[in-house]
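Here is a short report for someone meeting this structure for the first time. Please keep the model open while reading.

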Amino acid sequence: MSDNSLNNLPGGFKGMSQDMGSDQTVFKGVQWGKVMMWIFLLSDTFIFSCFLISYMKGRTSTVVDWPNTSEVFSLHVNGVPVPLLLIAIMTFVLITSSGTMALAVKYGYEKNRKMCGWLILATAIGGLTFVGMQAFEWSKLIHEGVRPWENPFGAKQFGSFFFMITGFHGTHVSIGVIFLFIYSRKVFRGDFDKGKRGFFTSMKSDYVAIEILGLYWHFVDLVWVFIFAFFYLW
Amino acid sequence: MNEIENKETVASTHKIGIYLWIWGLLFVLSFFSYMVDWFQFQGLLRWTLILIFMFLKAGLIMAFFMHLFWERYALVNVLLWPMTAIACFIGLMAAEAKYTVLTRLLYFFTGG
Amino acid sequence: MSDEYNQKNTPIKAQSSETTSGSSGSSKDIDYVRPAELPEQDLYHGHSFITKWIFCQDAKVIGVQYFLTAVFTGIVGLVLSWLMRLQLGFPELVPFITAEHYYQFVTMHGMIMVVYFLTALFLGGFGNYLIPLMVGARDMVFPYVNMVSFWMFFIAVCVLMASFFVPGGPTGAGWTLYPPQAILPGTPGSNMGIILMLVSLSLFVIGFTMGGLNYIITILQARTRGMTLMRMPLTIWGIFTATALAMLAFPALLVSCIMMTLDKMLGTSFFMPTILQAGEVLSYGGGSPVLFQHLFWFFGHPEVYIVALPAFGIVSDLISVHARKNIFGYRMMVWAIVGIGALSFFVWAHHMYVSGMNPWFGFFFATTTLIIAVPTALKVYNWIITLFRANIRMNTVMLFCLGFIVTFVNGGITGIFLGNVAVDIPLSDTYFVIAHFHMVMGIAPLMVIMGAVYHWFPLVTGRMLSEKLGKWHFWFTFLGAYSIYFPMHYLGFIGVPRRYFEMYDSPYVTSATGMNEFITVAALIVGFSQLIFIYNIVTSLSIGKPAGKNPWKANSLEWLTPEVPPAHGNWGEKLPVIHRWPYDFNVPGAKEDYITQTTPPSEVISAEVEKT
Amino acid sequence: MHPGIIFLGVIVGSVLFHIFTPWWWTDIASNWGAMDDTINLTFWIGGGVFVLVCLFMVYCVLKFSYKEGRKVEYKPEDHKLEKILTIATTIGVIALLAPGLIVYNNYINTPKNALHVEVNAWQWGWQYRLPGEDGILGTAHVAKISDDNPFGINLDDPNGKDDILIQDDVLHLKKNRPVKILLRSLDVLHNFYVPQFRAKMDAIPGIITYYWFEPNKIGEYEVLCAEYCGVGHYAMRAKVIVQSEGNYDNWIKEQETFSDLIAKQNNDKLKLTIVAKNKN
């Protein structure tokens with residue numbers, strides 16, 4: 001392994017062309033599962049891009065007024081409407097969970113089982129809070145009469161795109177939360193230290209799994225950044 | 001398997017400080033982008049700010065939380081080049097949307 | 001695209017191999033290959049019948065499963081095409097073909113052939129079987145996910161087939177499923193039919209994503225020692241690029257399916273503007289049907305290449321093996337595949353020149369489309385140059401390759417008509433289009449599939465297919481299919497629009513009645529002649545000539561397994577080590593007319609092999 | 001027989017088929033002769049390439065079929081040849097593309113003097129609206145369509161008052177007067193296509209699409225719907241009659257304008273109310 005250990009490989013574009021021309025692997029030292037997650041996320045990026053592009057097309061080409069998002073999504077605090085308050089809190093919650101996840105990955109690689117487990121659990125709880133707040137936001141809008149097929153504040157498409165895009169993102173978050181809980185249990189149980197075989201796949205467990213899960217979780221956060229900018233701030 | 005693990009360990013046990021820094025920056029940037037709405041900036045300024053903060057946040061998450069900054073260029077390029085297709089799609093759909101709304105305003109008198 | 005930078009590395013790679021291996025003259029150093037980076041893959045070996053043959057994690061079995069399922073749906077599609085042709089050639093001959101049924105046949109035929117037959121066959125079937133063997137892996141990297149991928153596909157096919165039996169029948173919206181018409185009552189199957197179609201497509205996309213991840217990562221990350229990207233057979237390049245396209249194109253299909261399902265079931269107005277139907281204004285408003293078309297073709301055009309690129313790759317290998325000559329311009333072939341793949345994301349709206357999109361798009365898309373013609377033409381040149389001064393075995397496989405070249409060149413050139421916006425305007429939505437795409441992505445890939453079956457059948461089963469039956473099969477299929485689609489272009493020139501249940505007595509169409517009858521008869525003959533193929537396969541399974549090892553004297557890795565057919569894990573105890581590209585045929589100075597990829601340089605020291 | 005001969009037969013047969021085919025374009029009846037020219041150009045260049053490539057293939061097959069011990073050329077790459085082929089193909093492609101784009105530029109830029117004709121398409125039929133004296137069509141909307149207002153014309157738009165309404169599927173056009181067809185669909189996609197005019201465009205609900213042509217041959221032409229629009233797609237025919245100026249003017253005088261229609265309806269309503277009153 002000495003001649004192709006990672007640290008001896010050239011970096012940058014030179015390294016890239018060497019990697020591309022080499023045998024066996026293109027992504028040197030990157031685990032299969034991690035590549036899989038990256039490529040999957042790339043594909044998923046295209047899904048969200050298509051959603052957001054459709055939204056852009058729908059919103060720009062409607063001749064009915066689009067509701068003012070900072071009013072629609074405002075919360076009343078002591079009777080004063082605060083624009084986008086809930087959304088801002090949701091953003092902060094998701095970023096917080098992203099941070100804990102990043103640390104969990106770090107501690108995972110350091111084989112710090114306890115820290116890793118607790119941080120994953122914290123991430124899961126952050127995700128759960130986010131989903132809860134989203135449920136609150138949905139029910140508030142539904143209460144005000146917004147439906148996927150109609151919208152008292154203006155263009156029909158507002159409701160459609162809102163429920164579809166946040167719903168699709170929320171599904172991603174929920175799936176992530178489920179996996180976070182499963183993985184925190186696995187970490188606490190020590191599956192990754194022992195290399196226990198997976199239930200379905202019969203593959204050996206490894207701490208790389210935490211990074212893979214982390215990639216997914218950060219991606220969910222990343223998508224939210226775009227949704228926040230394009231849906232709420234536009 | 002061992003070798004790979006070792007490499008990963010080398011590649012990703014960065015000092016905790018860097019994560020905390022990025023974390024803090026993300027909070028600040030989110031706060032800024034929220035302020036864009038709070039102060040009701042409009043027009044070009046609003047869009048510039050929104051996009052700058054958005055791309056900064058996205059960049060930080062990808063580069064540091066998702067470790068792309070430390071990955072080899074092969075992976076980074078594979079992930080970023082396909083975005084040109086998306087960029088093309090966005091650009092053309094923006095033009096298409098403008099065209100649609102134009103014909104609607106020209107020939108219709110209520111919502112299309 | 002991942003491969004955008006391959007060429008740059010070649011000189012650097014050459015340097016590094018010189019410094020590591022070429023410095024001293026002893027034979028040991030010549031044979032040097034970098035040590036393994038990856039640990040052995042541990043595989044799950046099935047024990048019971050169920051884990052061995054049904055829920056099997058062996059890519060080869062999964063490939064055969066994909067193949068059989070796809071062929072089954074393909075036969076359904078074939079029968080549907082007969083029914084359509086019967087109506088067109090002899091209207092009112094078959095009483096149960098009403099307009100509703102006709103449109104349902106059209107739709108299901110199109111969707112089945114493009115997605116469930118060709119895509120699944122090339123990527124799911126050939127991809128699964130050949131990728132691990134050709135890159136020297138023991139299996140796909142995630143065998144379990146791979147298995148789930150097949151079963152998702154299977155469920156998708158079941159849902160699709162179920163739509164034949166629901167009230168209202170399958171959707172008759174045309175395979176493009178354009179809204180608003182697809183989900184409004186004026187179209188057959190606009191209730192359950194279209195919903196099942198959308199659900200089935202979504203399942204297909206999900207299943208395919210699982211498979212696609214496997215194909216990509218196996219090719220990128222699980223090659224054997226010595227197997228650089230530029231030593232992979234073109235088959236793998238074709239399948240790889242097609243899979244990469246699929247991973248990026250299917251999302252658009254999924255999104256459009258989701259949005260249309262919501263339009264249908266919840267009454268959202270993504271694609272639905274204000275509509276007045278049967279004197280009533282529907283509750284929709286403000287949506288944009290053109291948006292669907294953009295999303296659909298953002299998927300749809302790469303989809304064309306998802307079908308075409310594996311065919312390009314496979315045919316290159318078949319030609320090279322059976323012409324006993326290296327493929328001409330391998331590097332350019334790779335670059336053409338990758339370039340076509342990348343460009344295919346920038347040409348989608350050439351299907352929409354008369355769709356009422358922003359008219360200025362015509363310039364952009366006509367230009368990008370015709371740019372694609374250049375790498376495609378180069379591939380054709382390289383195929384025929386490969387035949388030049390070769391030693392061509394005129395067996396069934398080669399016949400199918402030649403059939404491919406003729407039909408592909410024909411269809412490719414009519415593609416230039418349709419890609420060039422001003423030429424497309426009179427021809428679009430006529431039979432010219434039908435003839436064009438059947439020639440280029442129907443018949444041409446089919447020629448490759450059949451050639452590939454004749455080529456790899458000995459590998460899969462250990463027995464040869466009958467050459468005699470194969471030749472009959474070829475001539476019926478090729479001549480028949482060519483005489484269906486070549487004259488059909490002229491229907492398009494007359495101006496006969498597509499998707500017409502009946503032409504009545506339009507003045508410029510009555511003259512074509514004779515041609516329609518001829519085409520129908522030819523279609524029936526071609527369809528029935530596939531029975532020869534099926535008969536050949538079924539009988540050869542038991543009475544075919546035993547193939548033995550490497551019956552074609554090919555170089556590529558799939559023929560070099562210790563057992564034929566290859567066992568689970570493919571390579572026995574030790575993974576193969578690769579020393580060259582798979583095209584070293586008739587190398588000057590070599591003893592035999594082929595040098596396998598695993599032959600170390602020291603064994604062919606006298607041959608003037610070029611460095612690859 | 002050597003398979004190469006059969007392939008040769010296929011190529012020769014294709015060429016002969018083209019020469020002797022009784023099936024070819026309908027006679028052109030509009031200004032889009034340039035489209036036919038670009039098709040012809042593409043046909044000759046493309047057809048030439050097809051024949052050359054296939055003949056070369058047949059030659060190789062005939063000349064180099066398998067013989068034990070035949071000397072085979074070993075030449076993995078030939079950069080010079082590849083470069084020549086690339087450049088030649090690129091030139092060919094440019095030669096095809098450039099005229100196409102010029103024609104297309106004409107196609108999307110309507111001449112100023114074009115007569116605007118709105119085509120309304122629905123499942124499954126057609127009707128037309130022509131501007132009156134002012135030469136401008138009034139705005140309209142699908143949701144406003146009713147028995148009283150069959151085109152959904154904006155009652156507040158003065159331009160719409162004199163619009164000529166043709167609630168029939170026969171459209172008359174003046175010879176040598178450019179027409180801009182504005183397509184409005186009430187329900188699903190349609191396409192107003194007359195093969196003799198070569199031009200076509202989809203009608204899409206929710207937006208207005210257009211194309212233009214100049215009919216230059218007197219006669220009756222069949223309109224076909226060229227975009228699949230449901231079960232009745234194949235039966236969605238109409239007729240265009242291209243006339244000389246005099247005949248056209250006579251025809252257009254007989255047509256009803258929107259204000260005529262409103263007046264008539266008011267009369268009817270008046271009569272009805274009178275009848276109703278009398279009954280009382």
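Eight residues of chain B are in contact with eight residues of chain D. Two residues count as in contact if their C-beta atoms, placed from the backbone, lie within 7 Å. Chain B's side of this contact has three nonpolar, four polar and one charged residues. In these classes Ala, Val, Leu, Ile, Met, Phe, Trp, Tyr, Cys and Pro are nonpolar, Asp, Glu, Lys and Arg are charged, and the others, Gly among them, are polar.

This is a predicted model; local features need pLDDT of at least 70, side-chain atom pairs count only at pLDDT 80 or more, and totals for chains, interfaces and linings use all residues. Residues are numbered from 1 along each chain as its sequence is written, while chains are lettered from A and ligands numbered from 1 in the order in which they are written.

**Confidence**

The predictor gives the complex an ipTM of 0.93 and a pTM of 0.93. Its confidence in each residue is the pLDDT, which runs from 0 to 100. Chain D has a mean pLDDT of 90, with 98% of its residues at 70 or more. Chain B averages 83, and 85% of its residues score at least 70. Within chain B, helix α1 (residues 2-12) has the lowest confidence, with a mean of 44. Helix α3 (residues 43-65) of chain B has the highest, at 92. Helices (H or I, at least four residues) and strands (E, at least two) are DSSP runs, numbered from the N terminus. Over residues 1-12 of chain B, pLDDT stays under 50. For that stretch the model has 15 contacts beyond four places in sequence.

**Chains C and D**

Which chains share the most contacts? Of the five pairs of chains in contact, it is C and D. Chain C contributes 90 residues and chain D 79 residues. On chain C's side, the elements that each supply at least two residues include α5 (99-135), β1 (276-277) and α15 (467-494). The largest share, 13 residues, comes from α11(C). By class, chain C's side has 59 nonpolar, 21 polar and 10 charged residues. Chains A and D, in contrast, have no contact; their closest C-alpha atoms lie 10 Å apart.

**Helices of chain C**

α9(C) and α10(C) pack with their axes 11 Å apart, at an angle of about 175°. This makes α9(C) roughly antiparallel to α10(C). Axes are lines fitted to C-alpha atoms, for helices over the stretch in contact, and angles run from 0 to 180 degrees between N-to-C directions. Angles under 35 degrees count as roughly parallel, over 145 as roughly antiparallel, 65 to 115 as roughly perpendicular and the rest as oblique. From α9(C), Tyr305(C), Leu309(C), Phe312(C), Gly313(C) and Ser316(C) take part. They meet Met333(C), Ile337(C), Ile340(C) and Gly341(C) of α10(C). This contact has six nonpolar, three polar and no charged residues.

α15(C) has 28 residues, which should span 40 Å at 1.5 Å a residue. Its end C-alpha atoms are 41 Å apart, which agrees. The expected span is 1.5 Å times one less than the number of residues. Just after α15(C), Gly495(C) takes a positive phi of about 110°.

**Domains**

Domain bounds come from an automatic or database domain assignment. The table gives the domains of two chains.

| Chain | Domain 1 | Domain 2 | Distance between C-alpha centres |
|---|---|---|---|
| C | 47-220 | 560-612 | 37 Å |
| D | 3-64 + 79-108 | 115-270 | 39 Å |

In chain D, nine residues of domain 1 and 14 residues of domain 2 make the contact. Domain 1's side there has five nonpolar, three polar and one charged residues. In chain C, seven residues of domain 1 are in contact with nine residues of domain 2. That side of domain 1 of chain C has two nonpolar, one polar and four charged residues.

**Backbone details**

Where do cis peptide bonds turn up? One runs from Pro179(C) to Pro180(C), with omega near 0°. Pro180(C) sits in the loop between α6 (143-162) and α7 (192-221) of chain C. Another joins Gln123(D) and Trp124(D), with omega about -5°. Trp124(D) is in the loop between β1 (115-122) and β2 (125-130) of chain D. Lys111(A) is not a glycine, yet has a positive phi of about 60°. Its place is the loop between α4 (85-109) and α5 (113-143) of chain A.

Notes: pLDDT is the predictor's confidence in each residue, from 0 to 100.
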